[in-house]
Amino acid sequence: MIALVRAVTTRTKEICARALMNLLNDDTIDEVLQEGAVQAFATLCGQESEECLSVCAMAFQVLSHHPKGRTKIVSKRFIM
């Protein structure tokens, strides 16, 4: 996830955001959260891309419906 945040082009970040979003399901959410999805989406929210912002908004919506996702979002360890 560090690589997606450090990508140079906006298009690459958009693709990575969508790919990460696709991993958010009941079977994988625990692992994705452990690997830093909340921080990655928070960082991607700073992009000047409508697509990136839209994907991040959808991701936070999905995460907010999951108890562990909500806990990670409100955790003081993550700065948004």
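Q: Which conventions apply to the model and its numbering?
A: The model is predicted, and local features need pLDDT of at least 70, side-chain atom pairs count only at pLDDT 80 or more, while totals for chains, interfaces and linings use all residues. Residues are numbered from 1 along each chain as its sequence is written, and side-chain values use heavy atoms, with hydrogens and water left out.

Q: How many helices and strands does the protein chain have?
A: Helices (H or I, at least four residues) and strands (E, at least two) are DSSP runs, numbered from the N terminus. The protein chain here has six helices and zero strands, and from the N terminus on its elements run α-α-α-α-α-α.

Q: What span should helix H2 have, and what is the distance between its end C-alpha atoms?
A: The expected span of a helix is 1.5 Å times one less than its number of residues. Helix H2 (residues 10–22) has 13 residues and should therefore span 18 Å, which agrees with the 18 Å between its end C-alpha atoms.

Q: Which residues of H2 are buried, and where do they fall when seen down the axis?
A: Buried means under 20% relative accessible area, exposed over 50% and partly exposed in between, with a 1.4 Å probe and protein chains only. In H2 the buried residues are Lys 13, Glu 14, Ala 17, Leu 20 and Met 21. Seen down the axis of H2, they fall within an arc of 130° (taken from the directions from the helix axis to the C-beta atoms), so they line one face of the helix.

Q: Why does Glu 14 count as buried, and which residues does Glu 14 touch?
A: Glu 14 counts as buried because its relative accessibility is 11%. Contact means heavy atoms within 4.5 Å, and, not counting residues up to four places away in sequence, Glu 14 touches Ser 49, Glu 51 and Cys 52.

Q: Which residues touch the most other members of the largest nonpolar core?
A: In soluble globular proteins, nonpolar side chains tend to be buried together. A nonpolar core is a set of buried Ala, Val, Leu, Ile, Met, Phe, Trp, Tyr and Cys residues joined through side-chain atoms within 4.5 Å. The largest one here has 19 residues, of which Leu 20, Met 21, Leu 24, Phe 41, Phe 60 and Leu 63 touch the most other members. The elements that give two or more residues to this core are H2, helix H3 (29–34), H4 and H5. Leaving aside residues up to four places away in sequence, Leu 24 touches Ile 29, Val 32, Phe 41, Ala 59, Val 62 and Leu 63.

Q: How many aromatic pairs does a search of the whole structure find?
A: A pair of aromatic rings is described by the distance of the centres and the angle of the planes. Rings of Phe, Tyr and Trp (its six-membered ring) pair if their centres lie within 6.5 Å, and planes under 30 degrees apart count as stacked, over 60 as edge-to-face and the rest as tilted. The search finds one aromatic pair. The ring centres of Phe 41 and Phe 60 are 6.3 Å apart and the planes are at 65°, so the pair is edge-to-face. The pair links distant parts of the chain, with Phe 41 in helix H4 (residues 37–44) and Phe 60 in helix H5 (residues 50–64), 19 residues apart. Phe 41 and Phe 60 are buried.

Q: Where is His 66, and what does His 66 contact?
A: His 66 lies in the loop between H5 and helix H6 (67–74) and, at 17% relative accessibility, counts as buried. Apart from its neighbours within four places in sequence, His 66 is in contact with Asp 26, Ile 29 and Asp 30.
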